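Colleague: Could you take a close look at one part of this model with me? I would like to go through it slowly.

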Amino acid sequence: MQYSTAPSWQEAREKLRKWREQNERKSDEIVDLWMTSLGSKVSKAGDEKWMIIEQVAIAALDVHNYGVADDLILKLKERFPDSDRVRFLQVLRLQALQRYDDALKGLDAMIQRDNTNSGAYKQKVAILKCQGKNTEAIKELADYLNKFMSDQEGWSELCDLYLAESDYARAAFCAEEMILHNPHNYFVHQRLADIRYTMGGIENTKFASSHYSQALKLNPESMRAYCGLFLSGSSLATNPRVPATEKREYSQIASWAAKEISTRYGENQPPSSNSAEMLEGLFGALQIQ
Amino acid sequence: MSHAMGRVAVVVGMLLLCHTGYSVSQLRSFLRFNEDEFTSLPLDMMLEGLLGVAIAVWGAAATQTFKEIRAIEDIASKSFESFLHRPNFITFSHRGKNLFGDIS
């Protein structure tokens with residue numbers, strides 16, 4: 001993303017700080033900001049300077065801009081010659097260059113030196129994932145989670161790995177762990193509901209329907225949850241093995257969800273478009289018998 | 001209303017409160033010395049204490065904006081991508097190399 005007028009270095013610093021705190025991966029924008037505004041003036045940032053340099057180094061590796069990345073890693077190494085964090089950055093650099101064996105050797109050395117270094121275990125899993133060795137990555141990550149049970153990122157990653165292997169039952173277990181950690185986050189409820197709906201069957205679809213409802217209670221703006229509620233409600237309403245009372249209830253849920261979806265799409269459309277009719281047509285196509 | 005004024009108000013309020021406490025303890029030791037009973041606080045000390053509390057609370061609360069208590073305001077403004085991004089499991093084997101990398 002190119003900026004038409006380069007932002008001042010303070011604005012750039014604010015943006016970087018916000019992205020650092022909110023875990024955003026806007027790597028090309030970070031490198032852009034570095035090249036235009038922040039690079040020459042970073043020494044004015046005081047203590048934050050080194051965190052900014054680390055953040056830009058990782059972003060540079062993400063866009064494979066090795067000029068910037070090598071330069072910054074060298075700066076960090078000069079300032080902190082004996083730091084594990086800098087060694088970690090060097091391992092990341094090896095990973096970006098696809099020298100996976102060297103990267104794994106580096107991580108093993110770090111683990112031997114300090115076996116409470118959770119970052120090293122996690123990056124090992126990431127490297128195995130990069131190489132496509134999903135089953136080994138799952139094994140490593142399961143071992144790691146046995147030791148560090150409350151690591152939310154780890155559970156989230158394990159959920160993704162199981163989904164990649166289509167092991168929905170275990171992925172649902174991981175998603176449930178994430179709900180235990182974050183019951184107020186609508187996203188984790190939505191995730192679990194998606195997985196349960198994919199697994200299929202009456203019990204799972206009912207489960208999915210209740211979790212979609214919870215996601216909507218927490219965030220009434222979530223379109224995915226509305227669509228999910230519509231799908232699960234209509235699938236239960238048309239299922240022959242569901243008793244009639246529950247069928248009525250689920251078809252009411254489905255029609256409520258459909259109405260909400262239409263109103264929300266309607267609000268965001270320009271007045272002249274004919275998308276309302278298009279949407280009705282799509283709802284018909286969305287019914288899964 | 002500025003943060004500085006709020007901070008000053010908190011300090012002033014706390015000082016008033018400390019002063020009240022000190023006066024009350026002095027009063028009690030004086031009464032004990034005269035072997036008088038301690039019936040109730042004199043009105044001016046009570047007012048001073050309440051005033052101190054009021055000023056400190058105003059300074060802390062009225063001069064800043066509080067964060068919304070429901071977690072949803074925070075979470076609803078985040079993008080989907082930021083939920084799925086796990087920086088400790090970052091992988092670099094994506095199309096970024098061809099999209100953003102050096103053309104060399």
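Which residues of H4(A) are buried?

Modeller: Happy to, and please keep in mind that this is a predicted model. The buried residues of H4(A) are A:Tyr66, A:Val68, A:Ala69, A:Leu72, A:Ile73 and A:Leu76. Looking down the helix axis, these buried residues fall within an arc of 160°, so they line one face of H4(A). On the other side of the helix you will find A:Gly67, A:Leu74 and A:Glu78, which are exposed. The helix itself runs over residues 66-79 of chain A, 14 residues in total. From its first C-alpha to its last, H4(A) reaches 20 Å, close to the 20 Å expected at 1.5 Å a residue. As for what covers its buried residues, the cover includes three helices of chain A: H2 (27-38), H3 (48-62) and H5 (84-96).

Chain A contributes 37 residues to its contact with chain B, and chain B contributes 24. Together the two chains bury about 2900 Å², with 59% of that on carbon and sulfur atoms. On the chain B side, B:Arg86, B:Phe89 and B:Phe92 supply 27% of the area that chain B buries against chain A, more than any other three residues. B:Arg86 also forms a salt bridge with A:Glu157, where the closest N and O atoms are 2.5 Å apart.

Notes:
Residues numbered from 1 in each chain as written. Chains lettered and ligands numbered in written order. Predicted model: local features only at pLDDT ≥ 70, side-chain atom pairs only at ≥ 80, totals over all residues. Heavy atoms only, no water. Helix = DSSP H or I, 4+ residues; strand = E, 2+ residues; numbered from the N terminus. Expected span 1.5 Å × (residues − 1). Buried < 20%, exposed > 50% of the residue type's maximum accessible area, 1.4 Å probe, protein only. Arc of directions from axis to C-beta. Contact = heavy atoms within 4.5 Å. Buried area = accessible area lost by both parts, 1.4 Å probe. Salt bridge = Lys/Arg side-chain N within 4 Å of Asp/Glu carboxyl O.
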